[in-house]
Amino acid sequence: MLADERERMVEWQLRRRGIEDERVLAAMARVPRELFLPPELQEAAYADAALPIGDGQTISQPYMAALICEQLALHGGERVLDVGTGSGYQAAVLAELADEVHTIERIPELAERARASLAAAGYGERVQLHVGDGTLGVPESAPFAAIAVAAAALEAPPALYDQLEPRGRLVVPVGGPDGQWLEVVVRTPEGPAILRTVPCRFVPLVAGR
Ligand code: SAH
């Protein structure tokens, strides 16, 4: 049963590897990851891996999705932005943790598939999907308490920092082909406070169209 596999994923891939935020663990236990995968990969939904979702892109490994959510330190009630919708999975997990979720994807075909997956999983109303260049953020809906980026940049995109609320948090993989770090950037009155957390590997964040 996929629901049992989901419980095992939460225990073995998340809790035992150090994810501690109970709201994040509960959110990961609720979102059906299989609904965000192509039919032939649904059996592998709870594998400890990123998986291909078409157009050369991947759904993030469950641990990475959970770690990003934990680092955003959400308490409920926030407005958040997810850059790089991909399958829509991370946006769905964020919808369990925050009040208003915006997500932006540059590849229209992926965005359409994510829209269908989000609706099928019951998140259609809670997630607002945008198609466009996420390095520019979604200025018309800013400011955000938290921004998650699912693709790696050479540096944290300045427009995203500018769209954070005071004390808002941006989690973004930063680096090039020889290595990336997951960075947490907090907006403070003195400017960005940057914390490098773990090494990671994400697809590139592609600016422009
Ligand atoms: N969060 C996703 C992970 C998708 S992989 C999930 O849970 O499935 C990263 C995604 O970022 C890809 O779909 C890629 O097309 C998208 N992407 C890359 N550069 C982008 C940009 N500038 N703006 C928006 N999306 C971008």
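**Pocket, ligand and backbone**

Student: How do the residues lining the largest pocket divide by class?
Tutor: The lining comprises 17 nonpolar, 12 polar and 5 charged residues. Here Ala, Val, Leu, Ile, Met, Phe, Trp, Tyr, Cys and Pro count as nonpolar, Asp, Glu, Lys and Arg as charged, and the others, Gly among them, as polar. The model is predicted, with local features needing pLDDT of at least 70 and side-chain atom pairs pLDDT 80 or more, while totals for chains, interfaces and linings use all residues. Residues are numbered from 1 along each chain as its sequence is written, and side-chain values use heavy atoms, without hydrogens or water.

Student: Which residues lie nearest the centre of that pocket?
Tutor: Q57, T58, A150, A151 and V203 do, out of 34 lining residues. A pocket is an open set of points on a 1 Å grid over the protein atoms alone, where a 1.4 Å probe fits, with protein on both sides within 12 Å along at least five of seven lines; lining residues have an atom within 4 Å of a point.

Student: How much space lies in it?
Tutor: The largest pocket holds about 560 Å³, counted as the space filled by probe spheres set on the grid points, which are joined across faces, edges and corners.

Student: Which elements supply the lining?
Tutor: Strand 2, helix 3 (62–72), strand 3 (79–83), helix 4 and strand 4 each give at least two residues. Strand 2 has the largest share, with 3 residues. Helices (H or I, at least four residues) and strands (E, at least two) are DSSP runs numbered from the N terminus.

Student: Where does the ligand sit?
Tutor: The ligand is in the largest pocket, meaning that more than half of its atoms lie within 2 Å of the pocket's grid points.

Student: Which residues come nearest to the ligand?
Tutor: S87, E105, D133, G134 and V206, of the 24 around it; a residue counts if a heavy atom lies within 4 Å. By class, this shell has 10 nonpolar, 11 polar and 3 charged residues.

Student: What about polar atoms?
Tutor: A polar side-chain atom of S87 is 2.6 Å from a ligand oxygen, and one of D133 is 2.9 Å from a ligand nitrogen. A backbone N or O atom of V206 lies 2.6 Å from a ligand nitrogen.

Student: Changing topic, where is the cis peptide bond?
Tutor: Between A142 and P143, with omega about 5°. P143 is in the loop between strand 5 (127–131) and strand 6 (144–149).

Student: And what is the phi of D55?
Tutor: D55, which is not a glycine, has a positive phi of about 55°. D55 belongs to the loop between strand 1 (51–54) and strand 2.

Methods:
Polar contact = N/O pair within 3.5 Å; in protein donor to acceptor, adjacent residues only side chain to side chain.
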